[in-house]
Structure formats: C-alpha cells, structure tokens
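Here are a few friendly notes to read alongside the model. Please keep the structure open as you go.

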Amino acid sequence: MTGADFLVTTIVTILIFLILISLHEFGHFIMAKMAKVPVLEFSIGMGPAILKKQGAETLYSLRAFPIGGYCKLEGEDDSSDNPNSFSGQKLWKRFLVIVAGALLNIILGFCLFIIIVGMIGPFRSNVVDTVDDRAYIAENGLLNGDEIIEINGKNVNFYEDISLYTSEFKEEDVFELTVLRNGEKHTISSKVSKDVTTYTYGEDYIELTDEINGVVNTSRQEELDVPEEYVGKTQTQTRYIIGFVPEIKELTAKNIVPQAWNYTLFVTKSVYKALFDLISGKEGLDNVSGPVGVVAVVNSAVNSGSDALLNILFIMAMLTINLGIFNLLPIPALDGGRLVFLVFELISGKQVPPEKEGFVHGIGLILLLLLAAVIFFNDIVKIFFA
C-alpha cells in the first residue's frame with residue numbers, strides 16, 4: 001500500500017466510523033431530548049477529548065479514538081432526584097430512548113441500499129430462468145419460470161437469500177424447495193449438485209471451465225488484466241448448488257425499494273447466522289474482524305477502480321446494520337443489555353436501582369473491551385502473518 005493509498009483509506013475509514021457512531025448516538029440523543037430526559041454529555045469517539053463545547057444542558061465532545069461514542073443521560077447509571085431523569089421516565093419512553101440508536105443505524109443501511117440498488121441496475125431474481133440439465137434438480141421437477149420461495153423451510157425473498165442458504169450445503173445433503181408455479185405451491189426434493197469451477201490464468205485473460213456432477217460445460221475466456229504472479233496458474237473452486245440460472249429483472253421505480261429492503265433483511269439474517277455459528281463453535285473467534293480488519297476491507301474497496309464508490313457504500317451499509325443488530329444483543333453494556341432490565345421490570349413490576357444496573361453494565365464493558373483486544377490482536381496477526 002502506497003502512502004497515498006494509506007492516507008485515503010485512513011480518511012475513508014475514519015469518516016465511515018464517525019458517521020455510523022454519530023448517527024447511533026444521535027438516535028439516543030434526539031429521543032432523549034423528545035422525552036425531556038437531561039443529556040449530560042454527547043460524545044463522538046472514546047478516550048481523551050480533542051474538542052469540547054458546553055451547551056445549555058449538554059457537554060458536546062469529540063474524542064481521540066473514532067471507535068465508539070456515548071450519550072450520557074442523567075439517571076441512567078446512577079440515582080437522581082430529577083423527575084425527568086432517565087430512571088424516572090415511564091418504561092415505554094426508556095425503551096424508545098434505548099432502541100433509537102440501533103433503529104437509526106438500520107434505517108441508514110436501508111437508505112444506502114436504495115442508492116446501491118439504483119447503482120447496480122438489473123438484478124438476479126429468485127425466479128428460475130433456466131434449469132441446468134447436469135443438475136440433479138432437473139430430474140426432480142424444477143421448471144423454468146418457477147419462483148423459489150423457500151429452501152428447507154427458510155423464507156426466500158430474493159436471489160441473495162438463495163446464495164446464503166446454499167452456502168451451507170454439503171456434498172451428501174438433500175434439500176427441499178418450495179416454489180410458486182402458476183400461482184400454486186409445489187414442493188421439490190433433490191440432492192445437491194457438485195459444481196467445480198476451474199480458473200486458468202493467461203497474461204491478459206482468464207479461462208473458466210464449469211463442471212457440474214462430473215459433466216463439463218464449454219470453457220469460456222474473459223479478458224482480464226492478470227497480475228504477473230497468477231499467470232500460468234490454475235485454481236479450482238468447489239460449491240454445492242441447486243443448479244439453475246436465475247432470471248434477470250430490470251430495475252424499476254416499483255421494485256427498487258423492495259429490493260433495498262430485501263438487502264437489509266439479508267444482512268440482518270447474515271449477522272444472526274454469523275453469531276449463531278460463533279456461539280455454536282461452527283466458526284472460531286479468529287474469523288471475527290474488528291476495526292483493523294475493517295481498514296483492510298475498506299482499502300480493497302478504495303482501490304477497486306470504477307466500483308470504488310459502490311463498494312464503499314456497500315461496506316458502510318453492512319457495517320451500520322451490523323452495528324445496529326449487535327447493539328441490540330442482550331449483553332451488558334450494550335443497548336440490548338439495558339433492554340433485558342426493562343423486560344425484567346415489565347415482568348416483575350420492580351425497577352432495578354440504576355446504580356446496580358450501572359455496575360452490571362460496567363462489568364460488561366470491561367469484558368467487551370477484553371474481547372475487542374483479542375479481536376484487534378487477531379486482526380494484526382491476519383494482516384502480518386497470514
């Protein structure tokens with residue numbers, strides 16, 4: 001990475017973090033103001049303050065490290081005699097203040113996807129254009145024009161859902177499709193098909209050979225500026241697939257918003273799937289990336305030529321939805337951890353004293369910082385020792 005690339009990547013990364021964090025904390029801030037809750041401090045960033053400005057009620061600060069932020073409310077983690085304090089508000093008002101940050105992050109992601117979808121143009125749908133004769137599904141009744149609406153009981157809204165679910169396929173798996181055909185639902189069961197793609201690199205082209213269930217399709221060449229270290233080499237990629245070509249649909253004013261909403265739901269499902277895989281042990285902590293890992297991804301986007309803006313917006317949309325979803329997890333120190341206390345209050349009819357709740361969140365913050373340190377270390381190892 002050249003000095004200029006490093007500078008641009010650093011600026012873009014900081015801007016992304018500042019926008020996402022500022023929006024999240026602004027959600028808490030504006031909802032607290034609407035509920036008449038005194039906001040003691042509104043901070044973007046963590047660590048030592050670079051800039052401070054005292055307002056009539058709120059201290060506004062910009063701090064050194066753009067990896068977090070906070071909106072400090074009176075009566076949130078300590079006792080207060082002020083009837084307008086956070087702890088003195090009705091439960092539904094406290095709920096709105098807590099979820100407002102994550103909600104704004106998810107709304108931003110949805111708005112970004114509207115822009116992204118508009119830039120991408122025509123898109124792959126969940127309607128079958130052509131069934132590959134080499135695939136087992138061709139023998140089991142999938143027809144051209146079928147609309148795939150479920151895979152193994154999981155709802156399919158658009159093509160990317162199919163990609164997500166088929167990524168879990170293994171060689172001996174049997175899957176079940178639910179399709180719409182002439183307005184009627186049909187169920188189709190089939191064994192997955194093995195797809196092996198071979199990439200052969202020339203000086204100014206790449207040759208692709210596609211093999212499904214042992215049957216080779218005609219090879220094709222695509223013009224490409226191949227890096228010198230790849231010339232003359234061959235790579236193979238093995239996937240387990242359904243075996244069809246999706247129908248391409250034109251983007252219209254009618255479908256741009258639903259398509260953006262589908263992307264928003266897709267990212268949300270992907271986040272929960274990644275969390276489940278992490279908790280179940282299917283994936284290790286070394287596959288989780290933090291700010292350093294994000295810098296590497298942003299650098300790739302910045303240097304992706306004519307697609308740079310599109311890729312940066314996509315990363316930003318992914319990150320803001322991730323931030324919103326992650327903050328709603330029932331973990332102390334996160335917004336979701338605070339919601340757990342509200343649920344306890346709703347069930348028991350008793351409010352946990354703010355100082356006791358604050359103590360629990362303090363312990364949670366320490367554990368989260370330790371986790372962040374581990375992820376930071378893993379990111380460094382992956383960059384310098386991979």
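1. A definition to begin with: buried means under 20% relative accessible area, exposed over 50%, and partly exposed in between (1.4 Å probe, protein chains only). At 31% relative accessibility, Val360 therefore counts as partly exposed.

2. A word on the source: this is a predicted model, in which local features need pLDDT of at least 70 and side-chain atom pairs count only at pLDDT 80 or more, while totals for chains, interfaces and linings use all residues. Residues are numbered from 1 along each chain as its sequence is written, and side-chain values use heavy atoms, leaving out hydrogens and water.

3. Across the whole structure, a search finds 15 salt bridges (a side-chain nitrogen of Lys or Arg within 4 Å of a carboxyl oxygen of Asp or Glu). One of them pairs Glu76 with Arg338 at 3.5 Å, N to O. Glu76 sits in the loop between strand E2 (59-73) and helix H2 (91-120) and Arg338 in helix H7 (residues 335-348), so this pair ties together parts 262 residues apart in sequence. Both Glu76 and Arg338 are buried. Helices (H or I, at least four residues) and strands (E, at least two) are DSSP runs, numbered from the N terminus.

4. Do look at Asp146 and Arg181 too, whose side chains form a salt bridge of 2.8 Å, N to O. Asp146 is in the loop between strand E3 (123-131) and strand E4 (147-151), and Arg181 is in strand E6 (residues 174-181), so the pair links parts 35 residues apart in sequence. Asp146 is buried, with a relative accessible area of 1%.
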